[in-house]
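Biologist: I have a new chain to learn. Please show it, and let us work through it together.

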Amino acid sequence: MNNHSLASSPKIYRVFQAFFAVLLVVVIIAALLNNNAIYAYSPLKAVLCAVVGVGFALGGWLLVQKVPQKWVTAEALVMVVLFILFIAVQLFLGWQLRVLPGVNWDFGQVYSQAEAFVLRGTLPGDYFLLYANNKSLYVMWCAFFSLLKRFGVTNFLLPSMVLNILAIDLALLLLWLCARRLFGKRAGLFSLLLGFSFVPFVLYVPIFYTDTLTLPFPIAVAYLWLIARQKYQAGLYKKATGGFILLSFVAALGSSLKITVLILWLAVMLDVMIGLKGKWRWLMLGCGALVVFGTIGASQLLLFLLPVFPRYNASGGIPYTHWIMMGLKGCGGYNDADYQLMLQQPNLPARKIFAAQEIGKRLKEFGPRGLVAHWFQKLGFTFGDGMYNAPIKLDQQPIQPGFFHNFVVASGPHYKYLAYYSILPHAAMLGFATIGSALAARRKGSNLAFLGVGLFGLIVFLLLWETRSRYLVNYLPIFILCAVQGLQLLTGYRTNNKGKTVNGMP
């Protein structure tokens with residue numbers, strides 16, 4: 001390792017880790033006190049489930065450390081078997097729970113309009129004028145459906161579901177690779193098993209929207225940065241810069257589908273400035289910024305030039321401040337009354353003025369203490385649902401209601417079992433991520449502090465923006481990786497890639 005490649009003072013990260021641990025404690029309290037979730041939990045039962053979830057995770061972690069060496073040696077076979085079983089569950093339940101992509105929600109709007117364009121040449125209506133953030137997803141579906149059509153496939157539902165499964169499972173594979181690289185093979189196995197237990201990785205299979213389709217991007221940025229940073233610290237500056245360019249391109253692609261992907265890239269940029277030294281880091285930062293903004297600019301130009309949209313009158317759009325305005329009302333979630341108020345304004349300039357006035361008015365009405373209380377309520381609304389809105393979405397136009405709908409949709413008679421089960425992995429994730437951040441604050445820095453910075457950025461964004469629990473889905477692998485760090489720091493277990501138990505962080 002090049003001794004000049006590391007920053008001499010990691011205290012800023014130690015301070016941040018302590019602050020982030022406190023913030024996560026506030027998040028947990030807000031989640032437990034939340035009464036705005038999609039299910040009316042009994043507080044006592046919710047707390048009991050949270051305790052059980054933390055206990056199961058700790059027990060599972062300790063059990064995995066005792067896995068016989070022969071299973072560690074046969075890691076590749078174990079991973080293949082686990083993924084085959086998980087994919088079989090995803091395909092089976094995904095097909096049983098499939099929904100009609102109707103135009104009364106964003107997922108259905110994007111899917112059905114792409115389908116109409118590819119099959120009948122019908123240009124979309126004004127939806128993408130109002131929700132320009134979904135233009136890239138629409139273009140992606142148009143390209144995918146056009147490819148399927150070339151092979152004679154005109155029913156796009158099952159292929160889209162398969163593509164969604166690939167996105168979800170690629171994220172889980174990258175989570176495994178990250179945990180394995182950092183903490184050893186057994187930790188990799190545990191991270192995968194913990195990931196399999198999360199509700200949205202199965203229930204969102206028939207809802208192929210940006211929440212799941214962007215799942216691989218944040219964890220891919222994290223994985224590529226772990227590799228690039230290690231090369232930089234070893235003095236392989238050109239390879240490290242090449243890796244940083246690649247991760248910047250991945251982040252830019254992901255952000256074209258969902259802007260929150262870019263938050264982790266910004267955290268990595270900060271890690272370059274804080275954690276590395278030498279002139280090459282400035283080259284890395286410059287190249288990364290050039291790639292990200294160049295890619296985003298090129299994608300916007302492409303969206304303008306492609307003949308898959310009508311020529312919109314930009315004055316009919318909605319300003320981004322609309323979602324900030326909406327986030328300052330009630331629990332901070334989607335508010336149709338606000339949406340209708342915005343549409344009543346005659347044009348984009350008037351809508352910008354209206355949004356700015358409403359934001360100022362609502363902030364004044366809150367006052368400092370009221371705003372803090374509102375943010376606490378938003379944290380509870382965002383983090384108080386371990387199902388991440390999936391049952392609500394699955395309840396919208398199910399194609400073939402059957403046995404499983406009784407347990408997994410919001411109107412099902414046995415829905416409560418899923419509601420309480422979902423607390424177990426969700427609480428374990430938040431609990432051990434908190435412990436990991438608190439314990440890392442006692443160390444001389446942390447090589448995963450940039451993940452906490454990214455999660456902090458996501459939380460701040462959702463406090464300012466319109467929010468809901470499903471907006472956490474594409475960052476779940478990052479949360480899980482932080483939880484695995486917490487378990488490692490708490491128990492001291494780490495194995496190298498030969499299965500030998502060693503001490504400390506890599």
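Biologist: Which residues does E466 touch, not counting residues up to four places away in sequence?

Modeller: This is a predicted model: local features need pLDDT of at least 70, side-chain atom pairs count only at pLDDT 80 or more, and totals for chains, interfaces and linings use all residues. Residues are numbered from 1 along each chain as its sequence is written, and side-chain values use heavy atoms, with hydrogens and water left out. Contact means heavy atoms within 4.5 Å. By that rule E466 touches W323, M326, G327, G332, G333, Y334 and Y471.

Biologist: Does E466 count as buried or exposed?

Modeller: Buried means under 20% relative accessible area, exposed over 50%, partly exposed in between (1.4 Å probe, protein chains only). E466 has 3% relative accessibility, so it counts as buried.

Biologist: Where is E466 found?

Modeller: Helices are DSSP runs of H or I, at least four residues, and strands are runs of E, at least two, numbered from the N terminus. The chain has 24 helices and two strands. E466 is in the loop between α23 (449–464) and α24 (476–491).

Biologist: How far apart in space are E466 and H426, C-alpha to C-alpha?

Modeller: In sequence, E466 and H426 are 40 residues apart. In space, C-alpha to C-alpha, they are apart by 22 Å.
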